[in-house]
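Dear colleague,

Please find below the structure that I am handing over to you. My notes on its salt bridges follow.

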Amino acid sequence: MAVIKQGKVDKLDYIAFETRTEMGEYAAKEAADEIKRQIDKKGEINMIFAAAPSQNDFLASLIADKTIDWSKIHAFHMDEYIGLPADAPQGFGNFLKNAIFGRVPFASVNYIDCTASDPEAECERYAALLNEHKCDVIIMGIGENGHIAFNDPHVADFNDKKTVKVVSLDQTCRMQQVNDGCFEKLEDVPEYALTLTIPTLVAPESIFCIVPAKTKANAVKRTITGEINEECPATALRLHSNAKLYLDKDSAALI
């Protein structure tokens with residue numbers, strides 16, 4: 001594999017490859033090694049997954065790894081729109097069901113309900129599940145505005161007291177969903193969502209952050225070179241003792 005850049009900033013390691021396929025394969029190999037190490041140590045583990053086209057290469061490589069005992073893993077996801085139909089392909093639970101949740105035999109899969117009539121109650125329900133199953137490994141990406149999960153800059157809080165919360169989505173975040181081909185136009189993208197908060201996202205023992213594509217180049221630059229604060233929520237990763245950022249040529253273009 002062609003490594004074109006790598007380094008470390010604060011506590012965050014990063015590595016970039018020529019192609020997103022190489023990026024996905026390498027990240028999946030390192031994630032699989034960590035998953036197996038933690039299963040050997042703990043018996044069962046809990047994992048949180050991101051849902052986005054940026055994760056496709058990684059997820060395809062991860063499920064192709066036949067050495068992972070999925071029956072020892074409880075699966076969760078990190079965010080979900082409010083107000084989509086239960087069968088909407090844009091729903092993050094549905095995305096993950098097609099990409100991984102429905103393709104390997106997890107011990108359990110725990111979905112956020114995008115149709116919940118009381119979003120605050122759904123936050124409390126999912127928070128209780130997460131608090132009962134403390135996450136060991138998290139797989140995430142970074143948004144065009146530097147968000148992690150749906151913690152856009154205007155709602156991000158490094159000291160959030162909540163585990164899961166209702167948030168409004170900023171226009172950059174919503175437009176990213178159009179750029180990614182998930183929605184036809186901005187007006188189709190929901191304005192509100194449920195998200196795991198930043199303290200919840202950085203609590204797991206291991207973080208694997210997979211970020212390909214030229215649309216993410218500025219966010220990657222800010223994550224690595226900017227001040228650590230909520231203006232670029234992903235800078236929180238630089239404070240974690242075991243986080244790694246995986247890039248392709250396009251997303252690493254500005255570093």
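Is Asp136 buried or exposed? Asp136 is buried, at 10% relative accessibility (buried means under 20% relative accessible area, exposed over 50%, and partly exposed in between, with a 1.4 Å probe and protein chains only).

Please note that this is a predicted model, in which local features need pLDDT of at least 70 and side-chain atom pairs count only at pLDDT 80 or more, while totals for chains, interfaces and linings use all residues. Residues are numbered from 1 along each chain as its sequence is written, and side-chain values use heavy atoms, with hydrogens and water left out.

The whole structure contains 14 salt bridges (a side-chain nitrogen of Lys or Arg within 4 Å of a carboxyl oxygen of Asp or Glu). In one of them, Asp136 pairs with Lys42, with 2.7 Å between the closest N and O atoms. Lys42 belongs to helix 1 and Asp136 to the loop between helix 4 (119-132) and strand 7 (137-140), so this pair ties together parts 94 residues apart in sequence. Helices (H or I, at least four residues) and strands (E, at least two) are DSSP runs, numbered from the N terminus. Lys42 is partly exposed, at 34%.

Within helix 1, Glu34 and Arg37 lie 3 residues apart, about one turn of the helix, and their side chains form a salt bridge of 2.8 Å, N to O. Glu34 is buried at 12% relative accessibility, whereas Arg37 is partly exposed at 37%. A network of salt bridges links Glu34, Arg37, Lys42, Asp136 and Glu205.

Yours sincerely
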